[in-house]
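Below are my notes as numbered points, to be read with the coordinates open beside you.

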Amino acid sequence: MTPLDSSAALWNPREHNRNNCEWKLTVMATSAVARETVFALRRQIAKIEGTLPERLEAPAGAAPVDAPRNPTADVTLQNPTADIPPQDLTIVRRGLAVAPPDAFLRTGAEGLDTALSGGLPKAALSEIHGAATRDAGAVAGFALSLVSLILKQGPRLPVLWIGTAEIFREAGFPYARGLHALFGIEPEQLLFSEAPRLLDALWTAEEAARMTALAAVILEIRGSPQRLDLTATRRLHARAQNAGRPVFLLRQAGEPEPTAAPVRLVLSAAPSAPRETIAGPLAGSIGRPAFTVSIGKSRTALPGQFTLEWNPDERSFEERRTGEERAANPVPVVSASRRGKDPAAASGAVLAFPAVGSPAPGDQPSPGERAAHRRPRRAG
Amino acid sequence: MISHRQGNAQRIAALDERAEALHLKRGMGIADARAMHPSVDVVEANPEADRRLLESLADWCDRYTPLVALDAADGLFLDVTGCTHLFGGERSMLDDILSRFFHQGFDVRAGLAATPGAAWAAARFASDRIVPCGEEEALLAPLPLAALRIEPDIRASLESVGLRTAGAVMAAPRAPLARRFGVSLLLRLDQALGRLDEAVSPRLPMAPLSVERHLAEPIMLTDEIERLVKMLATTLKADLERRGEGARRLALLLFRVDGAVSRIAVGTSRPLREPLLIQKLFHERLAALEQDIDAGYGFDLVRLSVLSAAAFDMQQADLAGETRDDGADIALFADRIRARLGDSAVLKPVAVESHLPERAVAMLPYAEAPQRVSPPKKPGKMQDTSSKPVFRPERPIRLFRSPEPIEVPATEMPEGPPMNFRWRRALYRVARAEGPERIAPEWWREAAGQEDTPTRDYFRIEDSDGRRYWLYRQGLYGASQAAPRWFMHGVFA
């Protein structure tokens, strides 16, 4: 494939997502010559955009896992990722290149951090989307766990949560007792602002975004209002950058729209793992909160999906291993019975890490999986 | 001509000069008046509107003195003690008041005296008269009994014994008068003559501090008002500093040329005296009220008053000249939001000891919430473990203001969690459930006769997509005829 072809793919009007374009470029740039040409093009793009290009080696193993899940990267069919060694993948960062290393908030989940090349930007507007209003719990929970991570590192500063009256009515008002128990945010550290109209909420957020006396600002909006356009988000982003404080824009039931936020994460709830007891996982119980995070937009990251679990005691994230990894690394999920008997039928449903999106209880493991966890028992 | 209903008949309550010229009188029946002059125009009286008008006039009179009181339905008391020199003496002040009212289209009679009673009589019976101190008796003597502000039945009985003027009552011996006509007559008399003090209770609380500026040229633009606020606040700062106080509530009074008065109040969560910050607060308030304030032909008097003040504690700055206080930033921010969006725009949660989830957190406006002075306790040290429950109950991160009813078709066990439920017209399948956690109502708070509020059994529910909810069943199966109802109360992370 000639470089001309690749540049044609880059500016294909069908493709709006730049991340996908970059991905394609990097995948196609297999030979050294082609890569040189690609970087020449990149430099040119950076020059036009007036930002600094920076080369970054992609971490090994991060991209191939995500590659098959990229739905729009149709090029991957022609160039299977298995042919490319991960070291050859190169991501070019723009805009954020001048940021110091501590400008990122590490979530602690390695996969997500590496995909976002260091974490979420601390001094920026970050969008967190939920597909429907019923996802408000997961969206708010994820944003609050990020706030909790910030508060864990930094000084005790208050957090302001701004919402329109509509969203607080539809999705429920934040409950300080639950926030304290789950995220360790004291009621004294919380401030809420309920604005009757979106315009007022935006104004409050703009005023709050430039304050350094707040640890973080959460702005919660429902739907895709016209007022929240590129200009409005750019103002928020610029103020957040100047103040050095994060602004989390929670959008419930909103469509992804062009905004100035460098990162957009799409959140949904993930089935939680059962509670851990001394005797093993407790069947049918609801354990720690879990989230499915997909990167909707990022200047650096490839689209990917991660399942994170929040640990309220440690106040940290743990990444849950995905289904493929578990298949690749078979472990008996049900421990071998000491008495040499098969475990009771009811406990057959206990899966430590059920597959994402499938109901855990009553779900029979596939024949392959069952064989996988029978194997060691026979050996023992 | 204005009519009002008295007893069973429509009577004339007030009438204009042309109607008076037709020999119509107050208190005459409308039917009689119509019979005499069929073409008279009769309007129903509206005491509410009259009252509102009088109150707006009282607001306007605030420009002369902060002590303005309403007097019945048709009068105003102005306590101008110590104010007259600002307007060039008593006579010129009275003239100013009368001419301004005249230009606004009111027919006003005014009197000025050392006592409220004498001023009342002077206004109503000797128009535009200034009664020098000590001449109250001379003023009252020739006036009819009505000038004494006494009840009509006392007046009638006084007249029946031949005492027809105030002078005649004053000449009569006091003891028999008191015995026969009651104490109120002598009280009114003494008050009018200055033998007894009479307090006029002002309509509005008097501001401890206020500064104002009369303008030769009326101003209309918001920018100009804000600039003026800053100038006034600078003057105010010196006064506040002398008292060692800061303002907690401020009011800006804008007197429009045609008599309308706009009153704009802002509150602060900390005592404040910095002119720039005061200007900022009013900037937000004025921006929020932009539609409501009609500048008309402009404002010719602007007054800034401190409605309430509190002790202002000075802060020691470090050598770089900076004080480290993040709370002050937030307080100012909260004040500005509050100035624009109302008192409850910034809320602070305060934990309350209660089992009921909705009562366990109270949301207070930022300014009213208790400010924590001492830093929080360090974890691990000096921690009171006895009060902490061993098993912390799971609480949702979002709580609906009012629990939303859900439809639960069936439960596996009568006391168990639902298998599926319908909330907001969508069906949810319950994948896992934890519970119940029983929360009984607080019987010690319930009013008598309402003791039978059912208990709630709360369940944590995870649906098939992994979303976690907090549901409860109100009541028990079999406890009453009606099946217990289910509610959605919160959402977990």
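1. Chain A first. It holds 13 helices and 16 strands, where helices (H or I, at least four residues) and strands (E, at least two) are DSSP runs, numbered from the N terminus. Of its 380 residues, 43% count as buried; a residue is buried if 20 or more other C-beta atoms lie within 10 Å of its own, exposed if 12 or fewer and partly exposed in between, with C-beta atoms placed from the backbone. Among contacts in chain A between residues at least 6 apart in sequence, 73% join residues at least 24 apart. Two residues are in contact if their C-beta atoms, placed from the backbone, lie within 7 Å.

2. A word on conventions. This is a predicted model, in which local features need pLDDT of at least 70 and side-chain atom pairs count only at pLDDT 80 or more, while totals for chains, interfaces and linings use all residues. Residues are numbered from 1 along each chain as its sequence is written, and chains are lettered from A and ligands numbered from 1 in the order in which they are written.

3. How many residues does each chain bring to the contact? Chain A contributes 50 residues and chain B 42 residues. On the chain B side, the elements that give two or more residues are α13 (326-341), β12 (346-351), β13 (361-365), β14 (398-406), β16 (426-439), β17 (456-463) and β19 (485-491). Of these, α13(B) gives the most, with 7 residues. The chain B side divides into 23 nonpolar, 3 polar and 16 charged residues. Here Ala, Val, Leu, Ile, Met, Phe, Trp, Tyr, Cys and Pro count as nonpolar, Asp, Glu, Lys and Arg as charged, and the others, Gly among them, as polar.

4. The crossing itself is made by strand β8 (residues 190-195) of chain A and β12(B), which pair in the antiparallel sense over 2 bridges. There, A:Phe192 has B:Leu347 as its bridge partner. β12(B) and β13(B) also run antiparallel, joined by 5 bridges, and B:Ala351 is partnered by B:Val361.

5. A second open sheet also draws on both chains: 7 strands, with antiparallel pairing, in the order β7(A)-β14(B)-β19(B)-β18(B)-β17(B)-β16(B)-β15(B). Its edge strands are β7 (173-174) of chain A and β15 (420-423) of chain B, each pairing on one side only. Within it, β17(B) and strand β18 (residues 468-474) of chain B share 7 antiparallel bridges, with B:Glu462 opposite B:Arg468. Helix α7 (residues 136-153) of chain A lies across β14, β18 and β19 of chain B, at about 170° to β14(B). Axes are lines fitted to C-alpha atoms, for helices over the stretch in contact, and angles run from 0 to 180 degrees between N-to-C directions.

6. Which residues does A:Leu182 touch, leaving aside its neighbours within four places in sequence? They are A:Pro312, B:Ile397 and B:Ala493. A:Leu182 belongs to helix α9 (residues 176-183) of chain A, and it counts as buried because it has 24 C-beta neighbours inside 10 Å.

7. In α11(B), the buried residues include B:Ile225, B:Leu232 and B:Leu240. B:Gly244 follows α11(B) and has a positive phi, near 70°.

Technical notes
Pairing = 2+ DSSP bridges.
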